[in-house]
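Good morning. I will go through one structure today, starting with the overall picture and then turning to charged side chains. Please have it open while I talk.

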Amino acid sequence: MSTTKTFEENLKDLETIVSKLESGEVPLEEAISEFQKGMLLSKNLQKTLDEAEKTLVKVMQADGTETEMDS
């Protein structure tokens with residue numbers, strides 16, 4: 001029963017993890033776990049951005065105003 005979070009919710013979660021890790025007050029085991037969660041969130045956020053970019057490029061091409069973007 002997992003609910004899919006929005007891009008913004010995932011970004012906020014990642015920011016929370018980064019703040020926690022930057023504080024330096026997290027025990028090592030928890031820091032490793034939080035880091036792993038953060039990396040997964042980061043990958044998912046990047047994937048969402050990549051998909052959004054592809055969608056925008058398609059829309060712009062259909063309009064005839066833009067061509068394929070080089071990464």
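Helices here are DSSP runs of H or I with at least four residues, strands are runs of E with at least two, and both are numbered from the N terminus. On that basis the protein has two helices and zero strands.

Some housekeeping. This is a predicted model, in which local features need pLDDT of at least 70 and side-chain atom pairs count only at pLDDT 80 or more, while totals for chains, interfaces and linings use all residues. Residues are numbered from 1 along each chain as its sequence is written, and side-chain values use heavy atoms, with hydrogens and water left out.

Next, the surface. Accessible areas come from the Shrake-Rupley method with a 1.4 Å probe, and for residues only the protein chains shown count as cover. The protein exposes about 6,100 Å², and 56% of that is supplied by carbon and sulfur atoms. I call a residue buried under 20% relative accessible area, exposed over 50%, and partly exposed in between, with a 1.4 Å probe and protein chains only. Of the 71 residues, 14% count as buried.

Now the charged pairs. Side chains of opposite charge can pair when their charged atoms come close. The rule for a salt bridge is a side-chain nitrogen of Lys or Arg within 4 Å of a carboxyl oxygen of Asp or Glu. The count by this rule is four.

Take Lys 20 and Glu 30: their closest N and O atoms are 3.9 Å apart. This pair links distant parts of the chain, with Lys 20 in helix 1 (residues 7-23) and Glu 30 in helix 2 (residues 28-63), 10 residues apart. Lys 20 is partly exposed at 31% relative accessible area, and Glu 30 is partly exposed at 35%.

Lys 20 also forms a salt bridge with Glu 34, at 3.7 Å from N to O. Lys 20 lies in helix 1 and Glu 34 in helix 2, so this pair ties together parts 14 residues apart in sequence.

Is Glu 34 buried or exposed? Glu 34 is buried, with a relative accessible area of 7%.

Glu 34 has a further salt bridge, to Lys 37, at 3.1 Å from N to O. Both residues lie in helix 2, three residues apart, which is about one turn of the helix. Lys 37 is partly exposed, at 44% relative accessibility.

Through shared partners, salt bridges join Lys 20, Glu 30, Glu 34 and Lys 37 into one network.
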